Amino acid sequence: MVGNGLAGVPRRIAVCLGLFACMTAQAASAAVCSGHGDVLGTSRTLVVDPREHRRIGTMQYAETLPLADGEVVLTFDDGPLPGYSDRILEILASQCVKATFFMVGSQARANPEGVRKVRDGGHTVATHSQNHPAGMHLLPIDRVRREIDEGIASVSAALGDGISPAPFFRVPGLRRAEGIEQYAASKGAQVWSADFLADDWRHVSSARVYELAMRRLEAKGKGILLLHDIQARTVAALPKILQAMKARGYRIVHVVPATAELAATPTEPSQWRLHPPPENAAILRWPKIPSFVFAGNGTLPGPWLSDSYWNDEWLTPSDRGNRRTGAASLPRQAPWPRQVPLPLPSAANLHPVPGRSIFEFRDRPRLSARAVTLLPSRRAALMVSARHGAAQAPAEASASRRKLAGKSRIGGASAPGER
Ligand SMILES: [Zn+2]
């Protein structure tokens, strides 16, 4: 069951105490972290009750984690993957930073030791479906349930000792749908979106990942950063990101779920809203997505988060210049639907004007444009005449063809060089 969570920090420690390797790793980490004041470190642990706040992350929801200005929560998706995830863990350990890992069940099955390494590093282990379907919002509800259930089961099996992952769930690709969220809630899980991204799943350089992570953090001033522990560019960018966070005064917060033994950190409801909006202005912050009732075929409706969604374009210069000022960071308009400027015609993209012969009927008697608009009886009479070679005067037919060809030009424009 997901509800009793890995979160139990005391329970995790108890499990670790039974494992020599775990003790060794934690002791080494503690020595490094207590002996060096120049690392980023983890400033505090935030204990959250998933049942009180079902959906978090301002990229998609009204609420996010109750962070103070300058506080950052690091999250890593899609692992564990041997090599990459190990390097990520080493980098985090070198800075004494704790994060949350949203693991894919099939990855956990293939690399259960990787799951335990994350746990033994003191990080929060959460789930991200079994197979990471590209369009989870489009799947029938029974498949959605299976993805969530099997993802939890696979990570639980890797953890062993009856330990479940934290009741935190992130939808693959952030392609949310009411049905996914409702089922996750029924499992006691909290759905995590994010507050900002670094595009590290794209074919960009590690320098670009660093640049985006820091620029977007500066714009928001705090929040949940979504990264991936299966990408070489993330491994390459992470040390610099952590160093920059340290240099600029940001603080890392480690999030764990509340349990019977571990009470949630006291918070006010307003702290869960990054930018408390007036009730009637919610649409200005984010397009409201209607709650659908499941159709008979069980298909889940959901928004398609296109690539344009991830862009910074909705941040105005004023947003960027007013970091950490609450409402100043609001998008000035909904990210979609947006007006897409169409390219102006140019010599390169203008289609050539079709030849006049295209508009001639080769296998039938030739008809003028005027004949087409005539009454059927008159048109029939003309066609009969045409069969006998007397449809119309040659001059009239020629003029009609010119008229047709002229109207066929795209947008009435002339072909390059025709004027
Ligand atoms: Zn993912």
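The buried residues of α7 are covered by elements that include α6 (141–159), β6 (168–169) and β7 (190–192), where covering means contact, that is, C-beta atoms placed from the backbone and lying within 7 Å. Helices (H or I, at least four residues) and strands (E, at least two) are DSSP runs numbered from the N terminus. This is a predicted model, in which local features need pLDDT of at least 70 and side-chain atom pairs count only at pLDDT 80 or more, while totals for chains, interfaces and linings use all residues. Residues are numbered from 1 along each chain as its sequence is written.

In α7 (residues 178–186), the buried residues are G179, I180, Y183 and A184; buried means that 20 or more other C-beta atoms lie within 10 Å of a residue's own, against 12 or fewer for exposed and partly exposed in between. Because they cover an arc of only 130° around the axis, they lie on the same side of α7, the arc being that of the directions from the helix axis to the C-beta atoms. After α7 comes G188, with a positive phi near 80°.

Elsewhere, α3 (residues 84–94) packs with α9 (residues 232–247) at an angle of about 10°, their axes 9 Å apart, axes being lines fitted to C-alpha atoms over the stretch in contact and angles running from 0 to 180 degrees between N-to-C directions. Therefore α3 is roughly parallel to α9, a term for angles under 35 degrees. Y84, R87, I88 and I91 of α3 meet A232, V235, L238 and P239 of α9.

The largest nonpolar core has 72 residues, with V72, V125 and L225 having the most contacts inside it; such a core is a set of buried Ala, Val, Leu, Ile, Met, Phe, Trp, Tyr and Cys residues joined through C-beta atoms within 7 Å.

Methods:
Angles under 35 degrees count as roughly parallel, over 145 as roughly antiparallel, 65 to 115 as roughly perpendicular and the rest as oblique. Two residues are in contact if their C-beta atoms, placed from the backbone, lie within 7 Å.
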